[in-house]
Structures are given as C-alpha cells and as structure tokens.
There are 2 protein chains.
Amino acid sequence: MISSEAASQLDFEDNGSKIILFVIDGVGGLPLPEKSPLTKRGLTELETAHTPNLDKLAAKGITGMSVPVAPGVAPGSGVAHLALFGYDPLRYAIGRGAIAAYGVGLDMDKGDMAVRINFAGYSPTGAVLDRRAGRLATEKNIELCKLLREIKLPGVEIVIQTVLDYRSVAIFRGEGLHPHLSDSDPQATGENVFPHEVKALDPKGEHAGEIANAFIKAANEILREGAKGIADLPDGQHIGILTRGYADRPEIPQMQDLYKLKRLGAIATYPDYRGVARLVGMDIVYTGHELVGEFDALDAVFQDYDFIFFHVKKPDSAGEDGNFSEKVRILEELDELVPRLEALNPDVIVIAGDHSTPATYKAHSWHPVPFALVSEWCRPDSVKGFSESECEHGALGQFPAAEVMLYALGHARRIAKFGA
Amino acid sequence: MISSEAASQLDFEDNGSKIILFVIDGVGGLPLPEKSPLTKRGLTELETAHTPNLDKLAAKGITGMSVPVAPGVAPGSGVAHLALFGYDPLRYAIGRGAIAAYGVGLDMDKGDMAVRINFAGYSPTGAVLDRRAGRLATEKNIELCKLLREIKLPGVEIVIQTVLDYRSVAIFRGEGLHPHLSDSDPQATGENVFPHEVKALDPKGEHAGEIANAFIKAANEILREGAKGIADLPDGQHIGILTRGYADRPEIPQMQDLYKLKRLGAIATYPDYRGVARLVGMDIVYTGHELVGEFDALDAVFQDYDFIFFHVKKPDSAGEDGNFSEKVRILEELDELVPRLEALNPDVIVIAGDHSTPATYKAHSWHPVPFALVSEWCRPDSVKGFSESECEHGALGQFPAAEVMLYALGHARRIAKFGA
C-alpha cells in the first residue's frame, strides 16, 4: 500500500507531534571482495564505518530494508525522494527541469516549460568534449547566465537561473508549449559525439521543440565568443549548452493536504532536493553547504515544524565517484552528529536512504536500503546495528520506500483509527 | 510490483548480458513428522537431500521465498510459470487447451478454440473408470489421433495432435467459436461417474458448446470399436475421450517487447512448459527427455540466447506421486549437474521453483518456494544453503514470484535508471 494512495482513505490527526526524516543519500552499498568474519562476505561501506550512534538508534528502533521503486530498478534522485515522501514513484514522475526550477526558488505557472541546462565544452566542429565544462564554478555560471538572458524569442518569455557549478535552469513561458521533448544532451562525449536536435515526442510538442532548438542555437552563438574570458577551457574548446528534462508544472498533491501536516520544512544543501521538497509543499530552510551547518539549521527551526526532511548528500557523491574509503569517512563524520537529532527529542526519528550508491558500482543502484525508525511507540526488533547485513533481519523486512510516511505518521500517532 | 505492469513504465537496455532461469518444478516441500536437530522440526525433501552445489549458489547469492500467485493459493503449472516470467498470474490466465496446442508446436489464429483431450477408460454404461486409459503409451495415442482426424463437422476445421502419453489436443477453426465452456472431464472416476455435457458458461458460447458436444459424441463412437486392438484396457472397458480447458488464442505481451530481451530460449522436456514458453515468445530448444540431455542442450545453445528458461520436471512428478525419497534422489541427481550452469558463466543465475509439491501433500501447494539469485552485482545475504528453512531467512523475504524477472533483469543491468 503506497502512502499517497492509502492517505486518501485515511484520517489524519494534527496532534502536534514532530517527525524528523533523516535521508542519507545513497547510503546503501555493496561489499568489497575480501571476506570478513563479521558477515561471511566482504563488508559494505556502512559495515566498515564505525557508526555507534546510528547503531544505537537501530538498536532502539525497528528496522528493515526499503525498496526505492521496484525490485531491480535503480531510481533517479527525484523519484526516490518522492517515494520516501509517500508518493507512488511510478505514478508521480516529475521532470528534471521542474525539479531544477523549484530547487532554485522559481515557480512555474500552468503552461510553463522548464529545462535543465548544462554548460559544456565543445570542440571547434561542435562535438561534445566535456559535459560539465571543467566542472565550471558557480560564479562563472552566474556570468554566463547573464549572457543567456539576452536571448529574445518571439512570443516567449524566458527565465534563466544558475543552479550550481555547471548547471542552470530555464523556464519558457508562452502559448502552446507542450514539453514532451527529447534531450539535446547526448549523455556521452568524444570527437564524434554531437548534441542531439530536440525532437517532439508527440505532435503536440512541435512548437515547443522549435522554441527549444531556436534557444539552443542562439545560446551557442552568444556563448561561443561571449564566454571567452569567463570560462577557462582547454585550448580549442569553447562553451555551449546541453539541455535535459523538458518538463511542465507537476500536478502533485501537497503533503499538507495528504497528511494534515501543517508545517513541513526541508534542510538540504543541494538544489535538486530542495526542488522536490518544494514541489510537495515543504518550506526550504536556509542552510549552508556543510554538514554541521545543516544540523545548526535544524536546531534553529526545529520548533517551527511538524515534519522536517533532513538531507545529507555526500555519501551518494562518494559512491558515484567510486570512493569507498571516502564514503566510509563521511558516514563516520555524520554519525558523530547523529546525537544532535536525538537531543531535539522528536516523537519520531526515521533514518532512511533514497537508494543505494555502492562505491563498487559507482552509480545509483536498485539494492534495498537500510532503514530504522525510533519512537516511544515502536516495537523494537532484535537488530542492533545500522547496516545492510543487520537491517535485512529487521522486523519490517523488505518494504516499498513509499510506505515510509505511513510508518512515520503512525508512530507519531497521527493516523486515526481506521474503520468502525 | 508485478514485472509486466512495471515493465510498461520502465526502459530496458539490451546490453548483451545473459540470464539463466533454472526452474525446479515443485521444488518446495513439507517436513516429515520425525524431528531433526537441524530444523527443530522434521526435514523437507530439500533439507534431506545432499545438495552442496545448490547450497553453494545460495551462499554466494541473495535468497528468499517466492509466492507463486497469492498467499494460500496453489497454482496450476501454466499460471505458476507465467508468474515466474513476470506476468500477473491473476490477470493472464491462459487456458489449458492453448498451452497444450502451443506445447506441441501448433499455432492458433484469432477465433480458434483449443482443448486438451484425455484418452480415458469407459465402462459399458459410459461411466469413467480410468481418466488416463492405463497411462496410454504415446505410440498408441498417435494411432488413436489418426481415428479422431476422420471426424468431420459442418463449418469447422479440426486439427488433432498427440501431446504425450494419454494426452492430446484439438483445435477447432470456424465462425463464432467462443470457448467459454465447461469441461466434460468429471475429474473423478467410478461406476456412477459420467462425463459432463459441455455447457456454455455465457450465451455467446452456445454454438461452441454444440460443436464440442458433437465432437465428443463422434469421437466416442469412432473410438469404441476403432480403438480395439490399439489400446489394451481391462476387460469390459473401452476407450473414449474427456475434454478440459476450452481456450481461445491468448492475448499476452511477448517477453521480447516487455523486456528488450532479443533472444529467449526454453529448455523443457514436457510439452506444457514448452507451450507456456512459446506463448510468451521463447524459442523451444531441442532436447531429449533426460536431465543430462537438457544440460547438453543448454551447452549447445547458450551462446545463442540472452535469456534461457531451463525447466526440470521430475521433482514435481515425485511430489505428486507422494514419493518423498524419490524426490530427494532426484534433487541430489540434479544438484550434481548444477556446476554446469556456473561453468557457462552467465551474468545472472536464478534458481527458482514454480510452486511447492510436497510429497506428503501429493499435489501442487501454496507454500512459498526457495529462491536464490547469483550475480556479480548481488548483495549476498547470510543464508548458506538452498532449502525452505534457510531461504526463509533470506534478504528478499517472502515476495511475489512475478517479481522474479525484475530481480533477474536488474542484476543483469538491463533496467535503465528510472526517473530524473
């Protein structure tokens, strides 16, 4: 039973109890080859890391393994978080462009079309040599966006905004923009890899496709000369753009309406996670880029919210980089801060991940994710530590991530007795 | 999430990886009464059998218990296999007649009606004394089918084909044959047990019912004298037919289209399993009737296929016969051949059963079925052996058999990342 589906049939009680949903991005892992006496196989990142505080929470709570979307399916960040917020991830797919737009604080009107832009390094012949333009710095991105704002297309208003590093976002506002379009980003690089033309994926999208291609053409013309002196690329390369995830304004029920949670806050350093959170109705709490800053922000606003989504990004990044020891180090670093969650004394603490990002796999994966929930009203199971090999023996077994909200709300005594 | 339902929303990647789905028919069992120190209850067939090679695969892989259709529901062979192939077994029921037709290599057109025929032993008064005509030999069945081919009915073309032993199949081709019909087979025997008249289960089926009854009458008339000298029945008995499972051409998506698996092969000694496999788009690989022959066939064709369904029938037959020690012996015999699966080095090996057939129960049962999956990318759990009492502690827990394909495809890295 998916939360958002169940929620429409349930009554919720706004009893003032408080829930923290602590999401450790990409927390699940895979074992290294060397066998360990602890697990009779190799150890995963979590099993290697010394995490006494997470282990203590697992020991006090109930545990299990959450399945992000479906067996065998590795999720993108957006859908994986929607699942944790209780939305059926196969029903509420949200386009990348919309997540990016909401992540930087932009709003979309009905009929708007948003798209994610990457600044990229092109060869003189127009081949894509670097999809991230040397991981362009945010300050330079801001300068390049100023150039893009000079582009005028008839009948269309264009909003351009820097996201982070090499990433920006554009919103197109005009008549008849049906964003069912393919990406220009070829998702590959090389002397023979050229950006794709944007194509309408159904006939209604033809006008939007023309606008998108006209914008890309104009952007590449402006940037080819204009970006010189702003971005430093290797000799012979010049800056252009790639576009991904044309999207309209998502129609998604708000968490306030689904669960009678009046005040929802999100603490996340990365724009995309703020975007998903805003899309489902959360306030974005100001925080810096560092882990400690996130915990400081939590202390500052905890009393103002019923529900706080608290997101930690770095384990996923280390996993994507294939850096096992760095992922272990980050897990140990955040474990030291975990007592600050408990010190706030929320009614429910949920420790979850959106998906696994095993360092050996270097990508989001489908593997189930360790999960723990602590509350005065949970029935603790026999699991004593927070890891794959321990939580897989938890009382919750393997369960869909989209059930997490029901567990959280139930243990917060926010779900009314169902039926006579 | 059922594979075929999820599949319509997922993208698949044809990356050339190879999957073997090894199905041990009826592998699950029930314990004997005598308590064992190993399980603190009696031992099942799998727990009794010495199966070091299956145990080794379980130890290297992830394990769990698959639920064929729904809790408490014992499945027929057809639906149980459809579930393993990823089809919702409550949605894609396929009639016995169609499975039999496809199993012997016949194809059906839209509008055709197929039905399974048993040659049976009748008393002089027309009572059903033996539903299998003394387990008639296939050679004699072939002779009897020649007689049935003499039957002519107005406006209907009839195709008759031997299946195996006492079983044949007929396809009726003509206008207005809606095969929503009851069986003539009373599924019982005795001096007072007579075959049922075939009845239309809705008004549209009336013409088909008339055709079916006319065919049965003609068949029994021809066989009563004509079969003398072909089939040797006890004194006083004569040969007739019983019909089961009137079915139209199944409309079922093909596995190629669902999963982007280009080349699917099936290795199975029994016609009905070949039938289900053909219905979902697999090639039938030539093989003999013996276990070793199946492994030889696998060696011969492994390079030609992305996905191979490898079916072993005998554990089910021993279970149906109530022969516990024979089921144990067969499991040990096939265990010795299991290293030949590994030697082929497929990307994913799945060890599954379609259902349980406990020797003490002498029938297909609803009990969950031990399951193991081995792949470079699986996260091994703590289970060390392939049996009911071990796999029930596996990381996958108890899960629907219709999720097996998602697990297999995910570990073969054939499912694209889902969502932004």
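How many salt bridges are there between chain A and chain B? The count is zero. This is a predicted model, and the contact between the two chains can be described in other terms.

**The contact**

Chain A gives 35 residues to the contact and chain B gives 25 residues. Together the chains bury about 2,500 Å² between them. Carbon and sulfur atoms carry 60% of that area. Polar contact joins eleven residue pairs between chain A and chain B, counting pairs with both residues at pLDDT 80 or more.

On the side of chain A that touches chain B, two or more residues come from each of helix H4 (77-84) and helix H5 (96-103) of chain A. H4(A) supplies the largest share, three residues. By type, the residues on this side of chain A are 17 nonpolar, 13 polar and five charged.

**Aromatic pairs**

Over all chains, the structure holds 23 aromatic pairs.

| Pair | Centres apart | Angle of planes | Type |
|---|---|---|---|
| B:Phe172 and B:Phe215 | 5.1 Å | 90 degrees | edge-to-face |
| B:Phe371 and B:Phe399 | 5.0 Å | 80 degrees | edge-to-face |

B:Phe172 sits in strand S6 (residues 167-174) of chain B and B:Phe215 in helix H7 (residues 206-226) of chain B, so their pair ties together parts 43 residues apart in sequence. B:Phe172 is buried, with a relative accessible area of 1%. B:Phe215 is buried too, with a relative accessible area of 1%.

B:Phe371 belongs to strand S12 (residues 369-375) of chain B, and B:Phe399 to strand S13 (residues 398-400) of chain B. This pair links distant parts of the chain, 28 residues apart. Both B:Phe371 and B:Phe399 are buried.

Chain A has a cluster: ring pairs link A:Phe22, A:Phe295 and A:Phe310.

Key:
Residues are numbered from 1 along each chain as its sequence is written. Chains are lettered from A and ligands numbered from 1 in the order in which they are written. This is a predicted model: local features need pLDDT of at least 70, side-chain atom pairs count only at pLDDT 80 or more; totals for chains, interfaces and linings use all residues. Side-chain values use heavy atoms; hydrogens and water are left out. Contact means heavy atoms within 4.5 Å. Buried area is the accessible area (1.4 Å probe) that two parts lose on being put together, summed over both. A salt bridge is a side-chain nitrogen of Lys or Arg within 4 Å of a carboxyl oxygen of Asp or Glu. A polar contact is a pair of N or O atoms within 3.5 Å; within protein, one must be able to donate a hydrogen and the other to accept it, and residues adjacent in sequence count only if both atoms are side-chain atoms. Helices (H or I, at least four residues) and strands (E, at least two) are DSSP runs, numbered from the N terminus. Ala, Val, Leu, Ile, Met, Phe, Trp, Tyr, Cys and Pro count as nonpolar, Asp, Glu, Lys and Arg as charged, and the others, Gly among them, as polar. Rings of Phe, Tyr and Trp (its six-membered ring) pair if their centres lie within 6.5 Å; planes under 30 degrees apart count as stacked, over 60 as edge-to-face and the rest as tilted. Buried means under 20% relative accessible area, exposed over 50%, partly exposed in between (1.4 Å probe, protein chains only).
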